[in-house]
Amino acid sequence: MKEKTQQNIQNVLNNNKINMHSPFYEIEVSTRGCAIDLFVNDILVFTNYETGSMAVDWPINQWILSKEGKQAVKAIVYPFDGQEFISTKAEVDLKVFVKDVSLETMKRHVVLSFPHITFTNDIQLPVFKTETLYFQAEVPYHFEGWTNSVSLEKEDKNKLLKELDEWYNDFYDIFTKQDRSKYIQLTEQRLKEINTSFYLSDEEIEELDYFKNLPRNLKKVPLDNYELVFYADGKLVGLRIPHELSGFKFQLDFKEPEQKGNFIEMALFHRKKTDAKLSIIR
């Protein structure tokens, strides 16, 4: 298995030389009978704990910072809630594809494929971690992102929570007032990098609706429901409710009593310098 994995990595690095104007990378995630957390470059980018089977193509361009470079992918597999061990019927398939979104007819190419993951009756596993595999990405942009940011893991956790709660309040204020200009101002760097990585035109950016179908009446979820999480060698920090991605969750209050729901503003933060405030970067 190890020899095949290493050969797989080498084949990817050798063969991923495809000239594209607007390369767009996606991870095809397919699971059956298990929950999964998916990481790109040491950042949790996708999670699914819904029972049953699941298949999705998940975009990852926003997690690729450099024009050229090796990207790391790994996954952690869990049993569903209420189960002690991963089902012996569980299966996982992971593939990374790239396609040129400037060409509607261009087919996507496989740049990384994990070995098919299955579980047997011989060993009962409460959790399973895949190897970290790599693929070579080439994109036409370069972001500093959190590359030169400071490590946050050794900072005072209570102070970090206080800073993040202030951001939570800022977003609450924005969403209750549906203040588009303040939202853009507050998330300027994040929006710039994500929009660039998705190759959005100025016209498409102008048409973005940040409050689509959101009611003005919403509630924050108390902080004791969250955990403090760190990614990217401790350079990114966020709040995460277990089984969900990092961000701020709001309970929505619609006019009709039968209409209820939740909304998560995905959010990860970094500190550019030791004496700087946290700023949102993803």
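**Cores, rings and a pocket**

The largest nonpolar core here has 47 residues, and Tyr-25, Leu-38, Ile-43, Val-96 and Phe-135 have the most contacts inside it. A nonpolar core is a set of buried Ala, Val, Leu, Ile, Met, Phe, Trp, Tyr and Cys residues joined through side-chain atoms within 4.5 Å. Buried means under 20% relative accessible area, exposed means over 50%, and partly exposed lies in between, with a 1.4 Å probe and protein chains only.

Two notes on the source. This is a predicted model, where local features need pLDDT of at least 70 and side-chain atom pairs count only at pLDDT 80 or more, while totals for chains, interfaces and linings use all residues. Residues are numbered from 1 along each chain as its sequence is written, and side-chain values use heavy atoms, with hydrogens and water left out.

Among the elements that give it two or more residues are strand E1 (23–32), strand E2 (35–40) and strand E6 (91–100). Strands (E, at least two residues) and helices (H or I, at least four) are DSSP runs, numbered from the N terminus. Apart from this core lies another, of 29 residues, including Trp-167 and Phe-263.

Now the rings. What is the count of aromatic pairs? It comes to 24. Rings of Phe, Tyr and Trp (its six-membered ring) pair if their centres lie within 6.5 Å; planes under 30 degrees apart are stacked, over 60 edge-to-face, and the rest tilted.

Take Trp-167 and Phe-171. Their ring centres are 6.2 Å apart and their planes are at 35°, so this pair is tilted. Both sit in helix H2 (residues 157–177), about one helical turn apart, because they are four residues from each other. Trp-167 is buried at 12% relative accessible area. Phe-171 is buried at 0%.

Next, Tyr-183 and Tyr-210. This pair is tilted too, at 4.8 Å centre to centre and 35° between the planes. Tyr-183 lies in helix H3 (residues 180–186) and Tyr-210 in the loop between H5 and E11, so the pair ties together parts 27 residues apart in sequence. Both tyrosines are buried.

Of its 27 lining residues, Gln-62, Tyr-183, Arg-190, Ile-194 and Met-266 are the closest to its centre. A pocket is an open set of points on a 1 Å grid over the protein atoms alone, where a 1.4 Å probe fits, with protein on both sides within 12 Å along at least five of seven lines; lining residues have an atom within 4 Å of a point.
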